[in-house]
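Here's a quick tour of one protein model, written for someone who likes to know the cut-offs. Have the viewer open as you read.

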Amino acid sequence: MFKKMFALLIAVLFVVPFVITADDFDDDFGGFEDESEDSEESEDEEEAPAKKKSKEMSESDAAMKDLMGDPEEEKPAKKEQKEAADAEENAAPAENAAAGKSLKGIKPVLLVKGGFTPYGSYKEGGKSLSTMFGSLDEGIIGVEYLGKHVLAKGTLNIRTNYFFIENGSNPLAKVNHHSIQNGAANALYEVYGGVKFYDVFIKGGKIIPEYGLVDTWQNLGMGFTTPFLTRSLIAVEGFLPETDAGLALGYNGIIKKDHNLFLGLSLGTGANASEFWESDRTFGLYGRVGYGFKDYVKAAFAFQYRNDYYSNKTLDLTGIGVHINVSAYGFEMPITFDYNMMKMMKGTARKNTTAMLLSLAPGYAYHFKHEWIDKAGLALRFDLVQGVYLDGSAHYLDYTNFRSASMIMRIGVTANFFTKEIAGVRAMAGLTFLMQPKSKVDAKDINSDGKKYDYGFTTIALQAGAEF
């Protein structure tokens, strides 16, 4: 506990100097301005020194007010210019959103997604068993401050046990699930502070790794509500920690109105799923490079490297991923592919293993012209996992419990109903069917334990969610 809180304290202290020396960032990141501002710079050079100094002081004061949380005073403008700006903003809200415009200041954060399973079945020891349960898949509560030069966020994630994870055969997924569910330190799911200038940002704290499009899964989306469907498959299977304590540096900006370029690099304490996470024997490095065009397409290449020490032997994981989301005319198609290369061990012997994850979720949403009804959506889901654990009670670094060549898959369909924003709140409700078919994962019965099959499960769930 002490080491975890100490890591968070160090991260916060790292950010403080950037806040104090905010004025220097205007000069340091001046090279990231758009080319369209070149003409303005040339005009500034011709200004009288006194006038130019006054202008720089005004901009510096505005930046400092933003850093301190004070509202920035609105500059006087001609009536005609203000009316034209208002008309343009009202006429093109989507374009303004694409340009990165958003409300500044302190605002609450609320995202709640949960479901109830009236029917679920699974097999254990060759016997078919039924189950009925409810779960809160994700309950993010907190506040955030978003300004022109400052970003800060503190949220708490409330989550309950999910039956098909707790009774599954993937020990890595189980531990990753508990790493943000149990304990006071782990309950600080996403607490960080940071600064940003000209779309360049630096953050410190417990944050989502800079990896692919993983950070885009924290929304209502198509309305998936089980842990298998609301998160990126690489996080669900435990190959990527959902949060990591450390530092992140990156850029996320709009280039020429429609083009979004984003890249990031984060350095963390390693895998939250590791039993040694709170020691100094873990390390995590994550990176991504991505591009987006309006709301039509978003794509990113991802990289991660993590090491974990077990029995004084270095065990590492190197992973790459390609994440794409295409949207047009009500259709949406998220595609994710991740490939991981790992070292696992048995006793003192080590072995190289691999895992491959493929996930597709095509969907269509019909939009209504109504005051509060937004859309009705239907989406399919297909997950393919190559690299299967045989026994959930074994250690996740034990290679005798892992088969690189074995596969399991999941198929599902979900239908959901969404409301428009009412008093700042959006909501959804729906129905999901999900199945993990029986699969032969250990044909040769290498462990001589009779566990040749993953029997999978079947579930029908009712779901609901809301976000603020």
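What follows covers the ground rules, a surface patch, a strand residue and some salt bridges.

## Ground rules

This is a predicted model, so local features need pLDDT of at least 70 and side-chain atom pairs count only at pLDDT 80 or more, while totals for chains, interfaces and linings use all residues. Residues are numbered from 1 along each chain as its sequence is written, and side-chain values use heavy atoms, with hydrogens and water left out.

## A nonpolar patch

Leu110, Val112, Ile141, Leu156, Ile158, Val425 and Phe468 make up a nonpolar surface patch, and together they have about 510 Å² of accessible area. Patch members have over 30% relative accessible area and no salt bridge; like charges are joined within 9 Å and nonpolar side chains (Val, Leu, Ile, Met, Phe, Trp, Tyr) within 5 Å. The areas are Shrake-Rupley values with a 1.4 Å probe, and for residues only the protein chains shown count as cover.

Strands E1 (105-124) and E3 (150-158) each give the patch at least two residues. Strands here are DSSP runs of at least two residues, numbered from the N terminus. Ile141 sits in strand E2 (residues 127-146) and is partly exposed at 43% relative accessible area. On this scale, buried is under 20%, exposed is over 50%, and partly exposed is in between (1.4 Å probe, protein chains only).

## Thr336 in strand E11

Thr336 belongs to strand E11 (residues 331-346) and is buried, with 7% relative accessibility. Which residues is Thr336 in contact with, leaving aside neighbours within four places in sequence? They are Trp217, Val322, His323, Leu357, Leu358 and Ser359, where contact means heavy atoms within 4.5 Å.

## Salt bridges

Side chains of opposite charge can pair when their charged atoms come close. The whole structure has 16 salt bridges, each being a side-chain nitrogen of Lys or Arg within 4 Å of a carboxyl oxygen of Asp or Glu. Glu210 and Lys203 pair up with their closest N and O atoms 3.9 Å apart; Glu210 is buried at 4%, and Lys203 is buried at 13%.

Lys346 and Asp398 also form a salt bridge, at 3.8 Å from N to O. Lys346 lies in strand E11 and Asp398 in the loop between strands E14 (373-389) and E15 (402-419), so this pair ties together parts 52 residues apart in sequence. Lys346 is partly exposed at 45%, whereas Asp398 is buried at 14%.

Finally, Lys113, Asp137, Glu138, Arg159, Arg231 and Glu242 are linked in a salt-bridge network.

Key: Helix = DSSP H or I, 4+ residues; strand = E, 2+ residues; numbered from the N terminus.
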